[in-house]
Amino acid sequence: MTYSAVIRTQADLERMWRDLMGPLGFSGYSLWLIVLEPDGSTTPVITEITECSPFPDEGPSRAGLVDVLRMLVTEAVPGGRVAFLRTRPGRDGINESDRAWAAMLYAAAREAGGTVEVVHVANSVMLAPLPLDALRMAG
């Protein structure tokens, strides 16, 4: 899947995810990733990692994600920013597993030395941002 836009604001980022996802409704757990150029333009490839677990794996899977993110923001797109969307089934609002995923994604990006955009979460009825400061307030 490809997408072309310039992401300068949180509203631009949310619009991008809405455009890419189309009608909401997900039967499984996925993680979507796109790298933005330093000027905010999208890179041509959007990655979907399917069959994710409801809660993140803090072991080898996180270490692998850190390695990939480090390569993306230092070699593939130097100075790039990473944007994540977690999709899952359900009709509830943001829940504990969403917060766990967002916390892991923010930490992995920080460990990789990259800049991460606000993590977004989507299910069958909502697509919403989950900013880092909201995680701090919930914890």
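This is a predicted model: local features need pLDDT of at least 70, side-chain atom pairs count only at pLDDT 80 or more; totals for chains, interfaces and linings use all residues.
Local features require pLDDT of at least 70 and side-chain atom pairs count only at pLDDT 80 or more, while totals for chains, interfaces and linings use all residues. Residues are numbered from 1 along each chain as its sequence is written, and side-chain values use heavy atoms, with hydrogens and water left out.

**Overall fold**

The protein contains 4 helices and 6 strands; helices (H or I, at least four residues) and strands (E, at least two) are DSSP runs numbered from the N terminus. Their order along the sequence is α-β-β-α-β-α-β-β-β-α. Along the principal axes, the C-alpha atoms fill a box of roughly 40 × 30 × 30 Å. A compact globule of 139 residues would have a radius of gyration near 14 Å, and the protein agrees because its value is 14 Å. That radius is taken over C-alpha atoms, and the globule rule is 2.2 Å times the number of residues to the power 0.38. Of the 139 residues, 46% count as buried (under 20% relative accessible area; exposed is over 50% and partly exposed in between, with a 1.4 Å probe and protein chains only). Among contacts (heavy atoms within 4.5 Å) with a separation of 6 or more, 71% join residues 24 or more positions apart.

**Helices α2 and α3**

Helix α2 (residues 60-76) packs on helix α3 (residues 96-112) at an angle of about 50°, with the axes 8 Å apart. Axes are lines fitted to C-alpha atoms, for helices over the stretch in contact, and angles run from 0 to 180 degrees between N-to-C directions. The angle makes α2 oblique to α3, a class left after roughly parallel (under 35 degrees), roughly antiparallel (over 145) and roughly perpendicular (65 to 115). From α2 the contact uses R62, L65, V66, L69, R70 and V73, and from α3 it uses M104, L105, A107, A108, A109, E111 and A112. These residues divide into 10 nonpolar, no polar and 3 charged; Ala, Val, Leu, Ile, Met, Phe, Trp, Tyr, Cys and Pro count as nonpolar, Asp, Glu, Lys and Arg as charged, and the others, Gly among them, as polar.

| Residue | Relative accessibility | Class |
|---|---|---|
| I49 | 36% | partly exposed |
| E51 | 75% | exposed |

I49 lies in strand β2 (residues 42-49). Leaving aside residues up to four places away in sequence, I49 touches Y29, S30 and L31. Between I49 and L33, 16 residues apart in sequence, the C-alpha to C-alpha distance is 8.2 Å.

E51 is placed in the loop between β2 and α2. Its phi is near 55°, a positive value in a residue other than glycine. Most residues other than glycine have a negative phi.
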